[in-house]
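Biologist: Could you take me through this structure, beginning with the ligand site?

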Amino acid sequence: MGTAPDIAPAGIASRVNRPDQPPATFEESRRRIERAAKFMPGGVSSNFRIGMVPHPLVFERAEGPYLFDADGNRLVDYYLGMGPMILGHNSAPVRRAVEQQLERGFLYGGQSGLEEEAAELFCAMVPCAEKLRFCSSGSEAVQAALRIARAATGRRTVIKFEGHYHGWFDSILVSVAPQADVAGDRAHPTPIPGSTGQDPTAWGSVEVLPWNDLPLLEARLAVGDVAAVIMEPAMCNAGAIFPKPGYLEGARAACTAAGTVLIFDEVITGFRVAPGGAQQVFGVTPDLATFAKAVASGFPVAAVAGRAELLDVFTRGAVHGGTYNSQPVAMAATVASLRALADGSAIASIAPHGTRLMQGIASALKAAGITASVTGFPQIFHVAFGLSEPAQEWRDLLRMDKARYIRFCGALLTRRVRALERGAWFLSTTHDSLAIDETLAAVAEAARDVA
Ligand code: PMP
């Protein structure tokens, strides 16, 4: 085991990275990842951490908008645990709620009052949520939603969209990031599995369409044999792409007419872009929606929510289980998180900082002569190098200059700003003017580096 470096306290006085600091280095992280790789493939526990630049980092502590790594660097964090930490790292009310529950036990194999409280708060916030079922990851919530849809309709076919991610399971890891040479016709994309080792029969009833193209979706649904349409209501995994005006409304109407279950995957947008997620922002209510990430501030909680008669298939033959579902400590975190997010003021408070950051990044890139499109919500936006117009679907994103963006992220990291290599920027309620100032200074320099 390596020795922990001295870590500066996260008090306001120590917050600003000094301009005279030398570039950050990550040697201790590199050494630890190398050692860890003896026991864990790639030294990590998720494939999505393998490709990080310059290599995966090892962290000692996190507070507010900052991460403190094994090399003693203090980084302004825009990964936010891949999205969950909307209240900032180590949020005091969530920590207190968790500590209180820890005194009372970790897992009961039965119900806790916290679970009912969390469910009631959740259903009050999310438009589609008459009932919900808790589980432990977004991938699982999606599986539960697909099972509900097939059980309720007695149909098999599921439509998903190119570039949308709904978890890593065999049944749905299809056409998440297909390259142009294999993706086939735009109007009739070839389903492309995302992993080796996937059972082709598991995704055999999944059909893929381009997103944001209503006539194609309407025509397919009109056949009348589709169990479910699943989509990110704003496409936030790859890019941050808004639905075209009328697209969600049209999809809603076509699903209703065809007896198809409309599923919004709100694992990223849920409890982040509004208390009721993207369905609240866009005013379109799906039959089911899946949630994870921001619902519990970093604890492993997810849920499928929706119309009561659909959720009730779990009392009529459809099965969904899980030892850790609604684990009480995680439920304590859920209740505290939802209380903090319920009235919308916390989420709204992010908007001015997020907007300033989006505009600041756009103008720094322009000043450096880099063509880029900065799109999305102030709470989760995306920077696409190489695009002069906002993308509307996955195939537009294939024109991105990914290699240069990855170099940009590397240049930011040596200036102690940590942004996701795929272009997403997550903000929290703790990213205040000081954190944004620091970030924009780093952005201007990093842009010049890669111009
Ligand atoms: N759906 C969406 C939209 C996601 O962004 C993710 C995770 N990035 C998932 C599903 C899967 O969630 P998890 O990683 O918790 O399994």
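**Ligand site and sheet**

Modeller: A nitrogen atom of the ligand lies 3.1 Å from an N or O atom in the side chain of Lys-293. Such a pair is a polar contact (N or O atoms within 3.5 Å; within protein, one must be able to donate a hydrogen and the other to accept it, and residues adjacent in sequence count only if both atoms are side-chain atoms). Please note that this is a predicted model, in which local features need pLDDT of at least 70 and side-chain atom pairs count only at pLDDT 80 or more, while totals for chains, interfaces and linings use all residues. Residues are numbered from 1 along each chain as its sequence is written, and side-chain values use heavy atoms, with hydrogens and water left out.

Biologist: How far is a nitrogen atom of the ligand from the side chain of Asp-265?

Modeller: The distance from a ligand nitrogen atom to an N or O atom in the Asp-265 side chain is 2.6 Å. On the backbone side, an N or O atom of Gly-138 is 2.8 Å from an oxygen atom of the ligand.

Biologist: Which residues surround the ligand?

Modeller: Among them are Ser-137, Ser-139, Tyr-165, His-166, Glu-232 and Asn-237. A residue counts as near if one of its heavy atoms lies within 4 Å of the molecule.

Biologist: Now the sheet. In what order do the strands run?

Modeller: The order is E4-E10-E9-E8-E7-E5-E6, an open sheet of 7 strands with mixed pairing. Strand E4 (131–135) and strand E6 (206–209) are at the edges with a single partner strand each, so one side of each has no neighbour in the sheet. Helices (H or I, at least four residues) and strands (E, at least two) are DSSP runs, numbered from the N terminus, and two strands pair if DSSP finds at least two bridges between them.

Biologist: In which sense does E4 pair with E10?

Modeller: E4 and E10 are antiparallel, over 5 bridges, and Arg-133 stands opposite Val-304 in E10. E9 and E10 also pair in the antiparallel sense, over 4 bridges, with Leu-288 opposite Gly-306 in E10.

Biologist: And how many residues of E10 are buried?

Modeller: 5 of the 5 residues of E10 are buried, so the strand is largely enclosed by the rest of the structure. Ala-302, Val-304 and Gly-306 are on one side, and Ala-303 and Ala-305 are on the other. Buried means under 20% relative accessible area, exposed over 50%, and partly exposed in between (1.4 Å probe, protein chains only).

Biologist: Changing topic, which residues of helix H2 are buried?

Modeller: In H2 (residues 92–102), the buried residues are Val-94, Ala-97, Val-98 and Gln-101. Seen down the axis of H2, these fall within an arc of 95°, so they line one face of the helix. The arc is that of the directions from the helix axis to the C-beta atoms. Their cover includes helix H3 (113–125) and helix H10 (328–341).

Biologist: What about Phe-106, buried or exposed?

Modeller: Phe-106 counts as exposed, at 53% relative accessibility. This residue lies in the loop between H2 and H3. Leaving aside neighbours within four places in sequence, Phe-106 is in contact (heavy atoms within 4.5 Å) with Gln-327, Pro-328 and Val-329.

Biologist: How far apart are Phe-106 and Ala-330?

Modeller: They are 224 residues apart in sequence and 9.1 Å apart in space, C-alpha to C-alpha.
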